[in-house]
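Please walk me through this structure, starting from a loop and ending at a helix. Plain paragraphs will do.

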Amino acid sequence: FFRRNIASKLSNALGQSEETFISSLFAIPVSKKQQSSDFRLSVNSLLQNGSFSSADDTQTQTEALVQRLKPDNVVEEISVGCGVINFKISRTVLAEKILEKIHNDGHLFGVRSELFSSLQKGRTLVEFSSPNIAKKFHAGHLRSTIIGNFIANLKEAVGNDVIRMNYLGDWGMQFGLLGVGFQRFGSLEKLKVNPLQHLFDVYVWVNKEAESNECIWLAAREFFRQLEQGEAQALSLWQHFREISVEEYQRVYKRLGVHFDEYSGESFHQSQAQGVLQQLQQRGLMKTTEKGTGVVDLSSAKNMSFYSTVMRSDGTSLYITRDIAAAIARKEKYAFDEMIYVTDKSQEGHFQQLFGILLAMGHEWTQSCRHVPFGLVQGMKTRQGEVVFLEDVLDEARTRMLRNMKESRTTKELEDPEDTAEKVGISALIVQDFKGPLVSDYKFNWDKVLQAQGDTGVFLQYTHARLCSLMRMHGGDAEAAFDPSLLQELGSIAMLKHLLRYDEVLHRSLQDLQPKHLVNFLMTLCHLIATAHRTLPVKGSPAAQARARLQLFRGACTVLANGMRILGITPVEMM
Ligand code: ARG
């Protein structure tokens, strides 16, 4: 609303479309302590979009422009700043419009902003989590899971049609080993009781055994050959492993609030990978080396140069070959407008090669594929030691959180403390992970992660619960009329100005797919709310003022909850 208003003034004065100005207008962060302005437009942007003719006399041009922009009852003041034009919104209108908008839009607040109107909406395929059956579900997979979920949530929030895909590591020689290991060491009984643990144990055992026993290798190769030929017995055992693993994953993902539209996997594409090899050959992109391996040599290509092995000497496919086949198959099946892969940064080279080969094969749509890399987490341990399964991390977070809650004086009597501890613990993991740039590595420390003070997920949850409690206590329904002119204190204005930036922050996250912008925004919001709890009491204030403040807190609570949900956090109402 405010952006529109200012853009329309600019459009009238300069003759360009309103859209030209919408995304160049920035709401001013509260930390700047600038009370005289709410939005600013840089003079540079006017030069860039051709509103100003030359760079010489921008000062004169700016002053002349500001003369022509007439203040009204929405935009009260328009002034020239250093390289910017400042716009100040009427305080009463600011409170009235923001709170009205939050109230009317509910969970759509901010995501329906005019900032997003020029955004191309379409179908986004996000591939994330993608663990390897029978292997460890390490911290990297946890990161991929929560980051991918965040990206999917964000894209969905602004109106994209999102496909969430899990691409399981469910093919390759390790399944030859696993099959043989199971035949010698496995038990269907144990598999039923704790499938992931048992498969992992078998896998560890067989690998160890294979070190000293050549026969295991031979048998494993034979088992995998049978799998590739589709022999019924081997295939049905493999299928069983896959099915029970997926069931287990699903159960644990549910605890995280994550779901997938498709559990695909490398196995889906092993036969298509043969077709890919043929195409590469026909197009002259693949050469066979002396050893008989197939390589794509793009080392002299202009933008991307690499040398990539795509075929083993026995003619079988590799990880990258299956990825090429998978990408093509997905494009055919889902006709996505963009595809995003979320993995740790050690696979950056892999994705460069993947995109390079797809482009060389003539798949122009590869331009809309993107890899989102993230850094390593060091030292994520549970009481059992090194992390092997996702579930262990979630259990550990829950147990520790529950203990902290029991020790805390502020903890309420809860119906289901375990459930609350789980939700709060998970939000702590997520916030810790999302605070910095995703590519950075970080050291994991349970105590730091689960702190109630400082910028943690616990603090976000605590603030949300406190707002909910305020609303429970003072009732007052969301429809209640209030007088916005009573929200003039510094604390109120600061909070309102901050809420004004929500759409910008989402917009930024959408551009670089980094959650830190949203996390920082929510942290600042929580700090402002904490101050407001002290300086803007509801209890004991005159009725009209109490009503207005309650609406302000209600608005803040809605935005906080919306933001948390996009991050993948379920807000708790009591803790
Ligand atoms: N399963 C792989 C791993 O655990 C990740 C898969 C990433 N996705 C892909 N399309 N290659 O490292």
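**A loop, a ligand site, a strand and a helix**

S129 sits in the loop between β5 (123–127) and α6; helices (H or I, at least four residues) and strands (E, at least two) are DSSP runs, numbered from the N terminus. The model is a predicted one, in which local features need pLDDT of at least 70, side-chain atom pairs count only at pLDDT 80 or more, and totals for chains, interfaces and linings use all residues. Residues are numbered from 1 along each chain as its sequence is written, and side-chain values use heavy atoms, with hydrogens and water left out.

Most residues other than glycine have a negative phi. S129 is not a glycine, yet its phi is positive, about 75 degrees. With a relative accessibility of 2%, S129 counts as buried; buried means under 20% relative accessible area, exposed over 50%, and partly exposed in between (1.4 Å probe, protein chains only). A134 lies in the loop between β5 and α6. A134 also has a positive phi of about 75 degrees without being a glycine, and at 8% relative accessibility A134 is buried.

Next comes the ligand. Around the ligand stand E127, S130, N132, H141, Y167, Y319, D323, Y341, T343, Q347, H350 and F351, where a residue is taken as near if one of its heavy atoms lies within 4 Å. This shell divides into four nonpolar, six polar and two charged residues. In that division, Ala, Val, Leu, Ile, Met, Phe, Trp, Tyr, Cys and Pro count as nonpolar, Asp, Glu, Lys and Arg as charged, and the others, Gly among them, as polar.

Taken alone the ligand exposes 350 Å², and the protein buries 90% of that (Shrake-Rupley method, 1.4 Å probe). The elements giving two or more residues to the shell are α13 (319–334), β11 (338–344) and α14 (348–360).

Elsewhere, V75 belongs to strand β3 (residues 75–80). V75 is buried, at a relative accessible area of 0%. Leaving aside residues up to four places away in sequence, V75 touches N5, I6, K9, F87, K88 and I89 (contact means heavy atoms within 4.5 Å).

Last is helix α15 (residues 390–407), whose 18 residues should span 26 Å at 1.5 Å a residue; its end C-alpha atoms are 26 Å apart, which agrees. The expected span is 1.5 Å times one less than the number of residues. Buried residues of α15 include L390, V393 and M405.
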